[in-house]
Amino acid sequence: MVLDVVNYGHPILREKGADISEITPEIETLIQNMFETMEDYHGIGLAAQQVAQALQLTVIDISAVEDRPSTLKIDGEEADPKSIMPLVLINPELELGGEREEGPEGCLSFPDIYADVERPESVAVKAMDRELKPIEFTAGGLLSRCIQHEVDHLNGVLFIDRMKKGTVKELKPKLSGLASRTREQLRKR
Ligand code: ZN
């Protein structure tokens, strides 16, 4: 089932997600629905907060992206990033590394808003998969950027918080308009 994606201005986007300690049938359904929603919106990542659930859960699939490379290392060995797609990260912990680099980002909760965001190039990930089995790997390139963006969501952090002040200032009219439309919709419910 395709779920509604909440937009900027919805308070749940600022909530830190609760840890998941058990894969209940509800969580299984949520994961399935999040994949269907991400596909429907043509996204490469979706966090639980974006479907109004404050949980430490995100789904990612970068396998359709051809023009922005990703790298993956498992146990120190190079691996094909597509081999771990689609990816479910539960209760993820990140260790950031490498040079900081700028790259373009969008977010399904910010329709039509795109900007460069500076982030560390690589990320070491420790998380649980959809069966709550521990997984560990190191990612670079687009996959690293996507994971950092999604795990920020799980902690109530948004990509506008990572943008340069000048960029946020330029986006201000769009952001204010989006937030007030979102609040208006919430009032009508
Ligand atoms: Zn996002």
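Does Arg119 count as buried or exposed, and at what relative accessibility? Arg119 counts as buried because its relative accessibility is 3%, where buried means under 20% relative accessible area, exposed over 50% and partly exposed in between (1.4 Å probe, protein chains only). The model is predicted: local features need pLDDT of at least 70 and side-chain atom pairs count only at pLDDT 80 or more, while totals for chains, interfaces and linings use all residues. Residues are numbered from 1 along each chain as its sequence is written, and side-chain values use heavy atoms, with hydrogens and water left out.

Arg119 lies in strand S6, which covers residues 115-128; helices (H or I, at least four residues) and strands (E, at least two) are DSSP runs numbered from the N terminus. With residues up to four places away in sequence not counted, Arg119 touches Glu99, Arg100, Glu101, Glu105, Arg145, Gln148, His149, Asp152, Phe159 and Arg162, contact being heavy atoms within 4.5 Å. The side chains of Arg119 and Glu105 are joined by a polar contact of 2.6 Å. A polar contact is a pair of N or O atoms within 3.5 Å; within protein, one must be able to donate a hydrogen and the other to accept it, and residues adjacent in sequence count only if both atoms are side-chain atoms.

The protein as a whole contains 4 helices and 7 strands, in the sequence order α-β-β-β-β-β-β-β-α-α-α. Of its 189 residues, 45% count as buried. Among contacts between residues at least 6 apart in sequence, 72% join residues at least 24 apart. The C-alpha atoms fill a box of roughly 50 × 40 × 25 Å along the principal axes.
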